[in-house]
Amino acid sequence: MTAPHAESAPGLTPPPGCPAHGIGATPLRRIYGAEAERDPQALYEELRRQHGPVAPVLLHGDLPAWIVLGHRENLEAMRSPSRFSNDSRLWRMFREGRVPADSPLRPMVEWQPMCVFSDGAEHERLRSAVRDALDQFDRRGVRRYVIRYTDQLVDAFAAEGRADLIEEFAEKLPMLVMTQLLGMPEEYGPHLVDAALDLMKGTETTVSSNEFVVRTLRTLTERKKAQPGHDLASRLLGHEANLSDDEVLEHLRLVLISANETTVNLIANTLRLVLTDRRFRANLAGGHMTLPDALEQVLWDDPPLSAITGRWATGDTVLGGQQIRAGDMLLLGVAAGNVDPEIRPDLGKPLLGNRAHLAFSSGPHECPGQDIGRAIADTGVDTLLARLPDMRLAVPEGELRWSAAWLSKRLEALPVEFTPPASAAPRAPSAPKDFASTAPGPLPEQVPPPAPRTEPPAGSPAPARRTWWSLFFRSDR
């Protein structure tokens with residue numbers, strides 16, 4: 001079935017200074033908003049048909065940018081930091097004062113002293129600390145954590161004979177594992193899961209949830225200074241790159257939150273494919289495909305992030321036949337690049353073990369923790385399927401729903417049914433969550449957990465929705 005084309009934004013023609021000025025009278029398309037988010041892939045394909053592998057678009061506030069849709073063009077931008085920098089201070093929109101103080105773009109692209117916004121020697125200094133800290137982990141040790149927490153999560157719902165694999169499994173497993181890799185006491189795990197989920201969903205309590213994450217990480221770094229161990233926090237503190245305390249905290253949060261969100265989506269997308277594609281599941285069960293192969297197929301077809309911000313042109317250049325001006329912003333279209341007909345003319349052909357996808361970026365900024373994410377996802381899914389072998393989707397596939405944003409698409413729920421294992425114990429009543437009283441150790445100025453959602457008084461303005469990206473890049477501490 002052919003997806004419907006997104007409608008052009010009415011009356012939007014290239015403004016002065018726009019990257020698209022002079023390429024024709026075709027109205028520019030918004031890459032944000034409800035219309036664009038309804039079917040991002042259809043929008044990408046329409047842009048590809050109109051403009052080729054690099055297309056002019058409008059970001060929030062109708063600010064001009066380019067989205068890179070071609071696979072080879074994405075690689076060219078990712079691997080050429082001398083032409084396309086990660087330093088957002090180069091953006092002409094910033095220099096021309098066209099980005100309002102309250103723009104939703106600022107939390108995502110405003111420069112921060114982290115490796116994701118740096119190039120050259122400074123980038124290598126910061127990235128080397130993160131890379132070396134992650135490389136120390138034995139994959140077998142990571143898998144042991146995954147198996148332990150998968151068993152705990154399954155035990156919590158197994159007796160019910162039904163579960164929502166998003167809420168009760170995919171959204172919890174990565175954070176539980178990551179707290180162990182960071183060197184936190186095990187008691188921290190459930191509370192950080194709750195805070196991180198609240199943060200990612202952009203509720204009215206995300207600010208306090210973010211404060212909880214930041215204060216917990218700050219307390220952790222102080223503890224690890226006094227009692228270092230074999231963990232990510234200790235390795236960052238002791239690394240020869242000499243990171244400051246603030247740099248350690250920011251990169252701990254970078255790893256914790258970004259690894260959690262992408263791995264949650266990878267687990268969810270893999271489980272959906274297993275449950276909805278009989279041939280796919282049969283290939284797994286029959287040994288014709290391994291679970292790592294299955295993950296790579298998902299990373300091609302349904303990557304955790306559909307786009308990545310951003311790159312900024314260091315000078316006038318050409319990419320994909322388009323004239324790029326110095327200071328222009330490029331949005332890296334990961335999902336679109338993965339289905340580029342130039343490299344995948346037949347999307348139905350499996351890509352067993354092929355890691356040439358763009359899901360983890362490429363070049364100097366390629367994700368350093370991708371193998372840990374893979375280990376969490378494939379071990380977690382494998383253990384879950386072994387525990388509940390007759391698991392099946394509890395609703396028709398057409399009833400599954402996603403929430404989309406301009407950079408990602410998340411499966412909202414994945415309800416399943418299964419035969420309860422004979423040894424399954426009934427679910428224990430849930431204890432009330434109280435971050436302040438249950439988090440171990442002294443956490444200064446501790447904040448309460450997310451409060452129940454309440455409706456604002458009639459006539460009052462709706463609270464601003466802050467995404468997990470905004471709190472990921474701005475700690476507001």
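The model is predicted. Helices α15 and α17 pack at an angle of about 120°, and a search of the whole structure finds 0 disulfides.

**Packing of α15 and α17**

- Helix α15 spans residues 291-301 and helix α17 spans residues 370-387; their axes lie 10 Å apart.
- The angle between α15 and α17 is about 120°, and the two helices are therefore oblique to each other.
- The crossing of α15 and α17 is right-handed.
- On the α15 side, the contact is made by Leu291, Pro292, Leu295, Glu296 and Leu299.
- On the α17 side, Arg374, Ala377, Asp378, Val381 and Asp382 make the contact.
- By class, the residues of the contact of α15 with α17 comprise 6 nonpolar and 4 charged, with no polar ones.

**Cysteines**

- A disulfide is a covalent bond between the sulfur atoms of two cysteines.
- The count of disulfides over the whole structure is 0.
- Cys115 takes part in no disulfide, and the nearest cysteine sulfur to that of Cys115 belongs to Cys367, 9.9 Å away.
- Cys115 has a relative accessible area of 9% and is buried, because buried means under 20%.
- Cys367, at 31% relative accessibility, counts as partly exposed.

Notes. Residues numbered from 1 in each chain as written. Predicted model: local features only at pLDDT ≥ 70, side-chain atom pairs only at ≥ 80, totals over all residues. Heavy atoms only, no water. Axes fitted to C-alpha atoms, helices over the stretch in contact; angles between N-to-C directions. Helix = DSSP H or I, 4+ residues; strand = E, 2+ residues; numbered from the N terminus. Parallel < 35°, antiparallel > 145°, perpendicular 65-115°, else oblique. Left-handed = near helix turned anticlockwise from the far one by under 90°. Contact = heavy atoms within 4.5 Å. Nonpolar A, V, L, I, M, F, W, Y, C, P; charged D, E, K, R; others polar. Disulfide = S-S within 2.5 Å. Buried < 20%, exposed > 50% of the residue type's maximum accessible area, 1.4 Å probe, protein only.
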